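Have the coordinates open as you read.

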Amino acid sequence: MQSYRITGAQIVTKDAVLEGEIAVECGKIMAVGEPHSSFSHLPIVEYHQSDKVIPGFIDTHIHGSCGCDVMDGEIESLKVITSSLYRQGVTSFLATTMTQTEAAISKALNNVADFNKSHAHGRHFANILGVHLEGPFISPDKIGAQNPAFLQESSIAKLKSWQHKANNLVKKITLAPEMLGANQVIDWCVSEQMIASVGHTNCTAKEALAAIDRGCSQATHLFNAMSGIDHRKPGAATALLMSEKIVAELIVDGVHLAPEIVDMVYRVKGADGILLVTDAMSAQAHGEGVFDLGGQKVIVKNNEARLENGVLAGSVLTMNNALKNMLTYSDCSLPEIVKMTSYNAAKSLNMHHYKGDIKKGADADLVVVDKHFQIKQVFKAS
């Protein structure tokens, strides 16, 4: 359905909670608020007053879902992932790769490019807005669940090659600023308007601040897989938390970060400085068991995904649960939640003029949730 009116539910934008209706024609939001006679011909979709309409979630760090992974390099895997995410209210995302062989990364990037050529506008599939390269230009000292066998020296030539294979869909790269060649890569990212995100790093606060001054604008899963806050030897997390230039990813699943830390980040950075992400792997929406992540065995139990050595290996978090947890762990408002689950991501990708908010002229990427923030219905512009 491309033309309709949504009525009855509360409307949550990045600025306010509104009453009234949303009028949509041909996948575009035409009016928000008071009913307008110009749209009386549109069919009505009515909800309960306790329901809420929010912008579709945009997850800029997710590896897989429902038993499939971006690194599978298969069209069928991306069909499963995009279908699963759509059902969860994720209308757009960045397909995230792992530190793997050159051949495996290239295959995954080619596959995303091919998928977008033929499946980008599927009605019941989340849209792939681009690719997030998580590694391989990262530190062996903060490897997390990445595979140390496939670390590579920072290289503009390799990044250019991958961008070509992805048909210019690489929008973000996670890197460690202390690694050889990182400065040149950051400079190239800035020139190409690609997001350089500090992560999987053992750098000092001073090195992190230098990388920020150079153009790094995000933090990959703040606090996780990075040097932390020490009163004598401040690490990356210190600089990333204090810098107003940095928008920080947070995995708010109650496992990766303690609730008190989530609240602290909110108090320091505010809603404008936070991106809620899932960093979900293939086990998301697929139950417990043994899975694969970048060629490594992952055991999923009690909503935790861990390597055999106990290291956290992504998550099984969904965006609506990240939203609920954020509301529980902090005093944030519903409009602020919209910023953290959608608008900030769209802004980082320079798509905020038409995605990430409920306003006239924007894409009608919408999610209706009940009072418990369970997904009731998903609408997508195209």
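Start with Lys355 and Asp365, which are both buried (under 20% relative accessible area; exposed is over 50%, and partly exposed lies in between, with a 1.4 Å probe and protein chains only). Keep in mind that this is a predicted model, where local features need pLDDT of at least 70, side-chain atom pairs count only at pLDDT 80 or more, and totals for chains, interfaces and linings use all residues. Residues are numbered from 1 along each chain as its sequence is written, and side-chain values use heavy atoms, leaving out hydrogens and water.

So what do the side chains of Lys355 and Asp365 do? They meet in a salt bridge, 2.7 Å from N to O, the term meaning a side-chain nitrogen of Lys or Arg within 4 Å of a carboxyl oxygen of Asp or Glu. Both residues lie in the loop between helix 9 (334-348) and strand 21 (366-369), so the pair ties together parts that are ten residues apart in sequence. Helices (H or I, at least four residues) and strands (E, at least two) are DSSP runs, numbered from the N terminus.

The structure holds 15 salt bridges. As a rule, side chains of opposite charge can pair when their charged atoms come close.

Another one joins Lys376 to Asp51, with the closest N and O atoms 2.9 Å apart. Lys376 sits in strand 22 (residues 375-379) and Asp51 in the loop between strand 6 (44-46) and strand 7 (52-55), so this pair ties together parts that are 325 residues apart in sequence. Lys376 is partly exposed, at 45% relative accessible area, whereas Asp51 counts as buried at 2%.

Lys79 is partly exposed, with a relative accessible area of 26%.

Now for that alanine. Ala108 is found in helix 2 (residues 102-119), and at 0% relative accessibility it counts as buried. Which residues does Ala108 contact, leaving aside neighbours within four places in sequence? They are Val70, Met71, Gly73 and Thr97, where contact means heavy atoms within 4.5 Å. Ala108 and Cys332, on the other hand, are 224 residues apart in sequence and 37 Å apart in space, C-alpha to C-alpha.
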